[in-house]
Amino acid sequence: MKYRRPASLIVSLSVIVSLAQPVRAVDLRNILNGYSLTSWGTNDGLPSSEVLAITQDQDGFLWLGTDSGLVRFDGTRFTPQTGPSVGRSVRALLFSTSGDLWAGLGEDGGVLQYQRTGPGTLMLVREHVSAAAPVGTGPVDGPGLGSVRAIVQEADGSLWVGHLGGLFRFASGQWTRWQAEGLQVTEVHSLATDRRGRLLVGTRRGVFVSNDVGRHTFEALDADPARDDTVPGISVDTDGVVWRADGVHGFQALVGERQPIVPKEIARGNRLLHDRAGHLWVGTGGQGLWRVSTRPGGRVIVEQTTVITGLLGNGVVSVFEDRDGNIWAGTLDGLNRLTRYVATPIQSLGLVSGIEVTPQGIWVMTSSSLLLFPPDGSLDEPVVQHDTAVNTIHGDEAGRLWMSTGDRLWWFDGSGRHEAALGGTGLHDIRLLASNRRGGLWIYDAQRGLYLRTHDGLAPAAVPGDVQRAPMVWMDTTESGTLWLATTDGRLIRVEPGGETSEFGPSSGLDVGVLRAWHIDAAGTLWLGGTDGLARFRDGRFSVVKETHGHRFEGLTAIIEDGDGHLWTAMRSGLLRVAAEDLQRHLEAPADPVPLAYLNKRDGLAGNPRWYGQRGAIRDWQNRLWFVTSRGLSVVAPGRIAPARAVEASVDTVVVDGRSVTDLAGATLAAGTRRLDIQFAALSLGSPATIRFRYRLDGFDAGWVDAGTRRYASYTNLPPGAYTFHVMATNTDGTWPARAAAWSFGVEPMLYQTHWFLVACTLLVLGSVTMGWRLHLRRLRAEMAILFAERARLAREIHDTLLQGLFGVALRCDAIAADVEHDAPRVSTQFMEIRRSVEDYVMEARQSILGLRSPALQRLGLAAALRATGEHLTSGTPVSFSFESKGQRQRCHSDAEEHLLRIGREAITNAVRHAHATSVQAELHYGGDGILLQISDDGRGVDEAAAEHTNGLGLASMRERARAAGGAVAVYSRAGLGTRVEVRVPYGSTDAAA
């Protein structure tokens, strides 16, 4: 992890100006404040601790020349470049106007030329090196053996390389070892161009400058042929003054005669840089990094940061300013970044509890005194105005500051301090003050309640008693004179100039917790901040916002509006800035994005914002915002906040089952892939920790996944198919870009996951089912064939035996009837009846064999068939037969009727043949739940127990038929008392049988 060292680096100083007169007095301070310092070493992924050169490409990536090769840095991750630079010292870097990177090698000599192939990616196209670089002007293959120290480009596109073996020029695709008039060819240690485009060359003899652009004849700027003084760094300020690194005094300006600036401490200068603000940065050989600026009167201020204040090493060998204004310092022990604070901390005041602004200046209330910062904007030591503890302060519309120590009241104006008489009212614990906008003053005393001081004196406020005595947290008035009061029990009270009062709370939509922060803007809109949200009161109603884009409005301590229309809220974690119109829109449409700016201790705040019962923020005349914080005051200049640079996310590294994927274009993952890790990045060199990400894997994720500051996504056991991974990033303003970076890939299926395998399995299953069904049908056909064969055999046997015999009986009856017809007509008739009965039996036997209904049942129905059967069986016998049908006839299944008819026939037959009965009665009852058939006779009967256990074929057949019909048979009999057979069957499902 990288080291974040809050090296409190100084308040902003004046831009450096040209030194028209010799400057000799230098004030060297020990601590550089006003910057946050972040450092990276080898434990943070930096391949080599020696950072010898730094530059930035057009995409914003930082490129480092280290002792072990070329390295890319995106703010969080170091990526060493493969190829010829690996293991070789890179001491000079330059991106040319064509976009190529030129890297000068150290002891091995030569220059590597890279071409850009994509954002943050380079491809080596040529290694320029000469095995032997002859002395004198002439073409060579490149710089020879020996260390390259500097590379610059002239306006015409030609490259100049400073080398320990001399000066080399690359133009029109050709290298030349340069030997020019006036230039003493010695070791070249530094190069630069001035505002006129002239070439500056730092050698062991001093600094030389070309006489004119393109001619390349040189003259000495401060050269001394007799001295041996290396110039390792050259820089030109905005006024065109040339500065050089000095081996004794650290730095000096070359104006006319050589006039060195002599610091109080001796230091060896290595590298120089003029930043956009005009400050000169000096990387020294043993005293860390210096920032040089001048004050009015020509006094030069030198501020330094060293290992004591967090720098990784005191030997600074490279200095660079990126496009966001960050200062980068390469040392022999690692890389350092200095980011200028947005806020200026003031931490020497003690415990600050309140702040106000009047024309006299900025009033600061501390635990022991009342202080005043002058109105000239100076942040130097304030003047003590009152040297005892103060309860409350308030600035009124007349420009006066009111102050109370509890039992006494004063005001300050341009003429000094004045005491206001309290008139013997007994006020002795004054906690809050507010103007009534008509020259009066509202006073809240913790013991006596709310009072109003006017020209007529001091009297209790003309408000309801519960309002007058309510415990107050704060109070303030609008331009119209409306008084707003916040109470400790969570109420917000509005008192109109006429005395009318209104109360608000959670039931009114004001649900933001305990109220501690308030602001009334120029339009009269009241903004309220609580422990759990921000509220707006407009048009008689409250609107509340508690969270937006990952930032919660909680623990608010102050609300203030700057001169640019931004609303600032101080919260327990820092400061949040949002445009008032954007916040108004968000309150009406919460889905709309709100651009934000967020500041905390990393940006220079003196601790976190705090609330001590008084106003916690004010705006001064320079549009600076002052906030009460835990360590004092924090002053923010809104104009110093640069617009948030849009960040674009990209897929950086893909690891599949522990192996990196080198070619991401159209990648296809092997079948059986278990784990996929996708690392993504977004370039931000200044504040990478504030970037938030979200991602979505099409084909797997249902929606966007909020990754926060995490820079990777992991998936396990992805099903085969085509996928597209989307990722996007947002900076501190909280808005997401319209488009996301995308990476498409596929996962190959296992054998059992392929379509043809599924098709084959489907066909196999269908084939198995079809074969099984066919085998089942074959078995059923075989069983049916056996059944039909058996039925046919039975039919044949019955036909050849029983039926043939019955037919024979019928024929003999015909013959007998013919013989006796003329002698005994009655006998003939009987024989003919016998013959018809035989034909009926034959037909019924055939129907039974074929599984068809009885012909009598089909023709007559159940009741008539039973009657006919009984009459037929008793015909010609001494047994009388009677039949009765009761109840409404109901339809039932034809099989049940068939079984009832057969059971009835069996019972009547038994009564006629075996019971020696003289009468048989048959009754058919249609009941509510089924059919009851009763056959009774007056025969000899049997013992009931014997009848129940008899196993005769007739009774067994009746029982089987009754069970088949879903019913039961019961036999009731006693010896000498006859027999009664009862059969009960349910209706069951009906059919078309009548």
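Predicted model: local features only at pLDDT ≥ 70, side-chain atom pairs only at ≥ 80, totals over all residues.
**Empty space in the model**

Rolling a probe the size of a water molecule over the atoms shows where empty space is left. The second largest pocket has a volume of about 1,000 Å³, and 32 residues form its lining. Nearest its centre lie Ile151, Leu191, Leu273, Val319 and Phe320. Several strands give two or more residues to this lining: β4 (51-56), β8 (90-95), β13 (148-153), β17 (188-193), β21 (234-236), β25 (269-274) and β29 (316-321). By class, the lining of the second largest pocket comprises 19 nonpolar, 9 polar and 4 charged residues.

How many cavities of 30 Å³ or more does a search of the whole structure find? The search returns 4 of them. In the largest cavity there is a volume of about 140 Å³. Its lining counts 16 residues, with Ile393, Leu433, Trp518, Gln614 and Arg615 lying nearest the centre. At least two lining residues of the largest cavity come from each of β33 (352-358), β37 (392-395), β41 (430-435) and β45 (472-477).

The second largest cavity holds about 60 Å³ of space. Among the residues lining it are Arg516, Ala517, Trp518, Thr557, Ala558, Ile559 and Trp611. Strands β49 (515-520) and β55 (558-561) give two or more residues to this lining, and β49 gives the most, with 3 residues. Trp518, Gln614 and Arg615 belong to the lining of the second largest cavity and also lie nearest the centre of the largest cavity. The lining of the largest cavity divides into 8 nonpolar, 5 polar and 3 charged residues, while that of the second largest cavity has 6 nonpolar, 3 polar and 2 charged.

**Salt bridges**

Now for the charged side chains. The count for the model comes to 35 salt bridges.

| Pair | N to O distance |
|---|---|
| Lys546 and Asp532 | 3.3 Å |
| Glu547 and Arg552 | 3.6 Å |
| Glu898 and Arg902 | 2.9 Å |

Lys546 sits in the loop between β52 and β53 (547-548) and Asp532 in the loop between β50 (526-530) and β51 (533-538), so their bridge ties together parts that are 14 residues apart in sequence. Lys546 is partly exposed at 27% relative accessibility, and Asp532 is partly exposed with a relative accessible area of 27%. Glu547 is also partly exposed, at 44%, as is Arg552 at 34%.

Are Glu898 and Arg902 buried or exposed? Both are buried. The two residues lie in helix α7 (residues 894-913), 4 residues apart, which is about one turn of the helix.

**A contact and a surface patch**

Strand β52 (residues 541-545) contains Arg541, which is partly exposed with a relative accessible area of 44%. Arg541 and Gly509 are 32 residues apart in sequence, yet their C-alpha atoms are 7.5 Å apart in space.

Finally, Val759, Leu763 and Leu766 make a nonpolar surface patch of about 290 Å². Val759 is placed in helix α3 (residues 755-819) and counts as partly exposed at 46% relative accessibility.

How values were computed: Residues numbered from 1 in each chain as written. Heavy atoms only, no water. Patch = residues over 30% accessible without salt bridge, like charges linked within 9 Å, V, L, I, M, F, W, Y side chains within 5 Å. Areas by Shrake-Rupley, 256 points an atom, 1.4 Å probe, with all protein chains shown as cover. Salt bridge = Lys/Arg side-chain N within 4 Å of Asp/Glu carboxyl O. Buried < 20%, exposed > 50% of the residue type's maximum accessible area, 1.4 Å probe, protein only. 1 Å grid on protein atoms, 1.4 Å probe; cavity = no way out; pocket = protein on both sides within 12 Å on 5 of 7 lines; lining within 4 Å. Points joined across faces, edges and corners; volume = space filled by probe spheres on them. Nonpolar A, V, L, I, M, F, W, Y, C, P; charged D, E, K, R; others polar.
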